[in-house]
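Visitor: Hi! Could you walk me through this one?
Guide: Happy to. Here it is.

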Amino acid sequence: MKTLLQLTVVIAMVGLTACADSSDSKGSNTATGDGNGKTGTFTGVEWESIPTEFNPRMESVELNLSDIQKVDMNLFGFSSDVQVQESSALPQDRMVVQLYTVSKDAKTSLNGLETQVNEKTLLLRKSGSHQCSLKTQNRKLTFVKGACYVRVVLTIPFQTGLAVYNRGQLIEKRTSAQ
């Protein structure tokens, strides 16, 4: 029964997140990445409007949060469009990570997520060789070369007191119930 509840939560989060957008930016943005954390700004792509030729893919990964106080991400230099949302339906020891990716003429895949626990920190990483180039206009994806993240959504339990970092920068600090 617990597994069914967790699956229901994941499905609901996927549906809600697919309709959400993290930015209201307009105009043309370009981002490139070399796998070493060097990227430009890329925000607000309309997920629903991505052409199939860019192979849009959403992967959902459920992770254990037992004794975790901090999440530290480094996903090939991905530096924008990270969303953290809370859910009262998730058990206090679980987290769901949704990875939204696109690819065209890619020499590598962004499937999967490497996780490691270091003391009370959950590390989320990808390793290997990676290149990505994206262009948007009016929040629509117009060009993709390589494999690229366009959005990462972390769904955490309500009032966990979890700090979330992306490439060493604090992006979200949730306080626990007093």
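Visitor: Which residue does the disulfide join to Cys132?
Guide: Cys148, with an S to S distance of 2.1 Å. Keep in mind as we go that this is a predicted model.

Visitor: How many disulfides does the structure hold?
Guide: One. The link of Cys132 and Cys148 is right-handed, with 115° about the S-S bond.

Visitor: Is Cys148 buried or exposed?
Guide: Cys148 counts as buried, because its relative accessibility is 0%. Cys132 counts as buried too, at 13%.

Visitor: Okay, strand 9 then. How many of its 18 residues are buried?
Guide: 14 of them, so strand 9 is largely enclosed by the rest of the structure.

Visitor: In which sense do strand 8 and strand 9 pair?
Guide: Antiparallel, over six bridges. One of the bridge partners to look at is Val144 in strand 9, which goes with Leu134. The hairpin of these two strands has two residues between them, and Asn138 there takes a positive phi near 50°.

Visitor: What about strand 4 and strand 9, parallel or antiparallel?
Guide: Strand 4 (residues 82-87) runs parallel to strand 9, and six bridges join them. Val82 has Val152 in strand 9 as its bridge partner.

Visitor: And how many bridges join strand 5 to strand 9?
Guide: Nine, with the two strands running antiparallel. Gln98 stands opposite Val153 of strand 9 in that pairing.

Visitor: Switching to aromatics: how many aromatic pairs are there?
Guide: The count comes to one. The ring centres of Trp47 and Tyr100 are 4.8 Å apart and the planes are at 85°, so the pair is edge-to-face.

Visitor: Where do Trp47 and Tyr100 sit in the chain?
Guide: Trp47 is in the loop between strand 1 (28-33) and strand 2 (57-64), while Tyr100 belongs to strand 5 (residues 94-104). They are 53 residues apart, so to speak a link between distant parts of the chain. Both Trp47 and Tyr100 are buried.

Visitor: Which charged residue lies over the face of Tyr100?
Guide: Arg151, at 5.3 Å from the ring centre.

Visitor: And what lies over the face of Phe143?
Guide: That would be Lys135, 5.5 Å from the ring centre.

Terms used. Residues numbered from 1 in each chain as written. Predicted model: local features only at pLDDT ≥ 70, side-chain atom pairs only at ≥ 80, totals over all residues. Heavy atoms only, no water. Disulfide = S-S within 2.5 Å. Buried < 20%, exposed > 50% of the residue type's maximum accessible area, 1.4 Å probe, protein only. Phe/Tyr/Trp six-rings, centres within 6.5 Å; stacked < 30°, edge-to-face > 60°. Helix = DSSP H or I, 4+ residues; strand = E, 2+ residues; numbered from the N terminus. Lys NZ or Arg CZ within 6 Å of the ring centre and 35° of its normal. Pairing = 2+ DSSP bridges.
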